[in-house]
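The following note sets out points for a colleague reading this model.

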Amino acid sequence: MQGKGGVGKSFIASLLIQWHQANNLPVMAFDTDPINRTLSAFPALAATPIRLLNEDKINTDGVDGLIEAAVTGAAASVIDNGAASFLPMARYLVSNDIASILEQYNRRLVLHTVVVGGQVALDTLRGMAALLGQFPTSVPVVVWVNAYNGPFEADGLTFEETRAYQDNKARIAGVVHLAPLDPLTHGRDVATMLARQVVFDEAIASPDFRIVAKSRLSQVRRAVFDQLDAVMRSI
């Protein structure tokens, strides 16, 4: 979840799904973005589209059904939420005390949010702070620092140096860094993979990618999954 669009939420959701799959952990995927159905465009992710909004209001039946599926399904659920539905979804989760409902059924709500550098750095930091402020401290929050388009920097500070992090680090369950990628090598390979709407395993197994490109994609995947191994197993 993040109120700013175009910062990599769907890509991060796909990484979470792929991490579960790589670890032989059952996972269900849901795409609630009312504008860009990015996640459900990848066949390997098997994401179910959910109508989250009726015009600009929450579609209660649709989201109630989503929570029902998360509670009754025999798998973890990864839910991709779009920027346009950030506030309605956050209000729904808080006002209906979804975290407590999930706990009653031995489920746990874990929020993942993303921050990026550049001109929108402060906007994404504010979105992170809004999530931390709205949800109870029992809800773990994982922050993804997406440097895909360049290193994170806000007023000359790294993410861990910002006031937003320093004030909330006890509340943040983990941080995952998406490193800057060379646009001529690793970055190009990832962009090609996403444009073809395939996941890492498919690209690495595909004859459409050259041997060195497959090696670079494996490096990118390993760098993220090694971090997720530590973060996901600690929450």
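**Note on sheets, helix packing and the pocket**

1. In the predicted model, V115 has V145 of strand 7 as its bridge partner. Strand 6 and strand 7 (residues 141-146) run parallel, and 6 bridges join them. In general, the strands of a sheet pair through backbone hydrogen bonds, in either the parallel or the antiparallel sense.

2. In which order do the strands of this open sheet follow one another? The order is 6-7-8, the sheet has 3 strands, and the pairing is parallel. Strand 6 and strand 8 (172-178) are the edge strands, each of them pairing on one side only. From one strand to the next, the twist averages 25°.

3. Another open sheet is formed by 3 strands in the order 2-1-5, and its pairing is parallel. The edge strands here are strand 2 and strand 5, each of which pairs on one side only. With direction ignored, neighbouring strands of this sheet are turned by 25° against each other on average.

4. F30 has I79 as its bridge partner in strand 5, and D31 stands opposite D80 in strand 5. Strand 1 also pairs with strand 2 (residues 47-49) in the parallel sense, over 3 bridges. In strand 2, the residue opposite F30 is T48. F30 therefore has a partner in strand 5 and another in strand 2.

5. Helix 1 lies across strand 1 and strand 5, and it runs at about 165° to strand 5. Helix 1 also packs with helix 9, at an angle of about 80° and with the axes 11 Å apart. Helix 1 is therefore roughly perpendicular to helix 9, the range for that term being 65 to 115 degrees. The residues in contact are L15, L16, Q18, W19, H20 and A22 of helix 1, together with V224, F225, L228, D229 and M232 of helix 9. By class, this contact of helix 1 with helix 9 comprises 8 nonpolar, 2 polar and 1 charged residues.

6. At what angle do the axes of helix 7 and helix 9 cross? The axes of helix 7 (residues 186-195) and helix 9 (residues 211-232) cross at roughly 90° and come within 9 Å. Helix 7 is thus roughly perpendicular to helix 9. On the helix 7 side, H186, R188, D189, V190 and M193 take part, and they meet A213, R216, L217, Q219 and V220 of helix 9. The contact of helix 7 with helix 9 has 5 nonpolar, 2 polar and 3 charged residues.

7. The largest pocket holds about 890 Å³ of space. Its lining consists of 31 residues, and those nearest the centre of the pocket are S77, V78, R108, L109 and V110. Which helix gives the largest share of the lining? Helix 1 does, with 6 residues. At least two lining residues come from each of helix 1 (9-22), helix 2 (60-72), strand 5 (76-80), helix 3 (86-95) and strand 6 (111-116). The lining divides by class into 21 nonpolar, 6 polar and 4 charged residues.

8. Helix 1 contributes to the lining and packs with helix 9.

Conventions: Residues are numbered from 1 along each chain as its sequence is written. This is a predicted model: local features need pLDDT of at least 70, side-chain atom pairs count only at pLDDT 80 or more; totals for chains, interfaces and linings use all residues. Side-chain values use heavy atoms; hydrogens and water are left out. Axes are lines fitted to C-alpha atoms, for helices over the stretch in contact, and angles run from 0 to 180 degrees between N-to-C directions. Helices (H or I, at least four residues) and strands (E, at least two) are DSSP runs, numbered from the N terminus. Angles under 35 degrees count as roughly parallel, over 145 as roughly antiparallel, 65 to 115 as roughly perpendicular and the rest as oblique. Contact means heavy atoms within 4.5 Å. Ala, Val, Leu, Ile, Met, Phe, Trp, Tyr, Cys and Pro count as nonpolar, Asp, Glu, Lys and Arg as charged, and the others, Gly among them, as polar. On a 1 Å grid over the protein atoms alone, a cavity is a set of points where a 1.4 Å probe fits but cannot get out, and a pocket is an open set with protein on both sides within 12 Å along at least five of seven lines; lining residues have an atom within 4 Å of a point. Grid points are joined across faces, edges and corners, and a volume is the space filled by probe spheres set on the points. Two strands pair if DSSP finds at least two bridges between them.
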